[in-house]
Structures are given as structure tokens and as C-alpha cells.
Amino acid sequence: MAFPFLIIFIARSGSSAMMGDLQQHPNVAMRGEVFGAKALPLVAQTDQTDENRIAFLRQFWAPYKSSKTETIARGFKLQINPRQPQFTAWDRLPGIMDEHRAKLIVLRRTNIIKQAVS
């Protein structure tokens with residue numbers, strides 16, 4: 001059984017390399033930073049608002065809510081950037097992830113000095 005997933009990352013933490021590896025797997029559908037694009041895929045109103053982002057999550061992960069036999073893992077990346085937040089409805093995210101049995105992958109940099117200067 002496959003699960004939906006979300007990769008939350010900070011810059012320079014290896015998310016692009018992980019995404020490349022996941023895209024090579026035949027049972028994974030991996031998208032990039034959908035909340036960082038100008039328009040949202042799959043949603044009638046394509047503006048990047050938190051309500052539309054929530055609608056995207058529900059539609060993107062809908063197969064997992066109705067079926068327990070989904071065979072393709074679907075996920076995307078979400079960058080944490082305090083200067084330009086891609087998502088601000090953090091209080092709603094756990095409920096939606098729980099609704100769809102989504103898994104969370106968190107990537108961070110271990111070298112704090114390099115992170116500060118890059």
C-alpha cells in the first residue's frame with residue numbers, strides 16, 4: 001500500500017536530489033514545489049492562496065481517502081522560507097495530512113554555518 005507524502009525542506013538540504021531519486025521510482029508520482037509556482041495545478045481557481053492550496057491538497061491526495069489499495073505514492077515539496085512563505089495555514093496541515101494518511105519527510109541542513117551564508 002502506498003501513501004501520499006510531503007517533503008518539507010529548507011534551502012540547500014538535498015531536496016532536489018531526493019526528488020530526482022523519487023521520480024525514478026515507478027511507484028512514485030513526485031511533483032516539485034507546487035506552492036512556489038505562479039499557479040496551482042488541479043484547482044479551478046489557480047491563485048496561490050491558502051484556501052486554494054488546501055483544495056489542491058485534498059484533490060491531489062483524494063485517491064488515498066477513498067481507497068486503501070492505492071499503489072502509487074504521491075508527493076511534492078514545500079520549502080520553509082520565513083522571508084517568502086509558500087504556505088501560512090500550518091495549523092490546518094496536520095488535519096489534512098491525517099485525513100489522507102499522508103507521511104511527512106523533513107529535510108534540514110546540518111551545517112548551520114554553511115546554511116547561514118548560502
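View 1. At 0% relative accessibility, F56 counts as buried, where buried means under 20% relative accessible area, exposed over 50% and partly exposed in between, using a 1.4 Å probe and protein chains only. Before going further, please note that this is a predicted model: local features need pLDDT of at least 70, side-chain atom pairs count only at pLDDT 80 or more, and totals for chains, interfaces and linings use all residues. Residues are numbered from 1 along each chain as its sequence is written, and side-chain values use heavy atoms, with hydrogens and water left out. F60 is buried too, with a relative accessible area of 4%. Both F56 and F60 lie in helix α2, four residues apart, which is about one turn of the helix. Helices (H or I, at least four residues) and strands (E, at least two) are DSSP runs, numbered from the N terminus.

View 2. A pair of aromatic rings is described by the distance of the centres and the angle of the planes. Rings of Phe, Tyr and Trp (its six-membered ring) pair if their centres lie within 6.5 Å; planes under 30 degrees apart count as stacked, over 60 as edge-to-face and the rest as tilted. The structure holds eight aromatic pairs. One of them, F56 with F60, is stacked, at 5.1 Å centre to centre and 15° between the planes. How do F60 and F76 meet, and what is the distance between their ring centres? Their centres are 6.0 Å apart and their planes stand at 75°, so this pair is edge-to-face. The pair links distant parts of the chain, since F60 sits in helix α2 and F76 in strand β3, 16 residues apart. Ring pairs link F60 and F76 with F35, F56, W61, F87 and W90 into a cluster.

**View 3. The largest nonpolar core.** A nonpolar core is a set of buried Ala, Val, Leu, Ile, Met, Phe, Trp, Tyr and Cys residues joined through side-chain atoms within 4.5 Å. The largest one has 19 residues, and L6, F35, F56, L57, W61, F76 and F87 touch the most other members. Elements that give two or more residues to this core are β1 (5-9), α2 (50-60), β3 (73-79) and α4 (93-99). Which element gives the most? That is α2, with four residues. A second, separate core of nine residues includes F5, F9, M19 and V28.

View 4. Contact means heavy atoms within 4.5 Å. Leaving aside neighbours within four places in sequence, F76 is in contact with F5, L6, I7, M30, R31, G32, V34, F35, F56, L57, F60 and W61. On α2, the buried residues are D50, N52, R53, I54, F56, L57 and F60. These buried residues pack against α3 (62-66), β3 and α4.

**View 5. The four-stranded sheet.** Here an open sheet has the strand order β2-β3-β1-β4, with parallel pairing. Which strands stand at the edges? They are β2 (28-30) and β4 (103-107), each with a single partner strand, so one side of each is left without a neighbour in the sheet. Neighbouring strands are turned by 20° against each other on average, direction ignored. Two strands pair if DSSP finds at least two bridges between them. β1 pairs with β4 over five bridges in the parallel sense, and β1 and β3 are also joined in parallel over five bridges. β2 and β3 pair in parallel over three bridges, with M30 opposite G75 in β3. Six of the seven residues of β3 are buried, leaving this strand mostly covered.

**View 6. T71 in the loop between α3 and β3.** T71 is found in this loop. Is T71 buried or exposed? At 55% relative accessibility, T71 counts as exposed. Not counting residues up to four places away in sequence, T71 touches A2 and N27. T71 and V28 are 43 residues apart in sequence, and their C-alpha atoms are 8.7 Å apart in space.

**View 7. The protein chain as a whole.** The secondary structure comes to five helices and four strands, running β-α-β-α-α-β-α-β-α from the N terminus on. Of the 118 residues, 39% count as buried. Among contacts with a separation of 6 or more, residues 24 or more positions apart account for 66%.

Notes
Axes fitted to C-alpha atoms, helices over the stretch in contact; angles between N-to-C directions.
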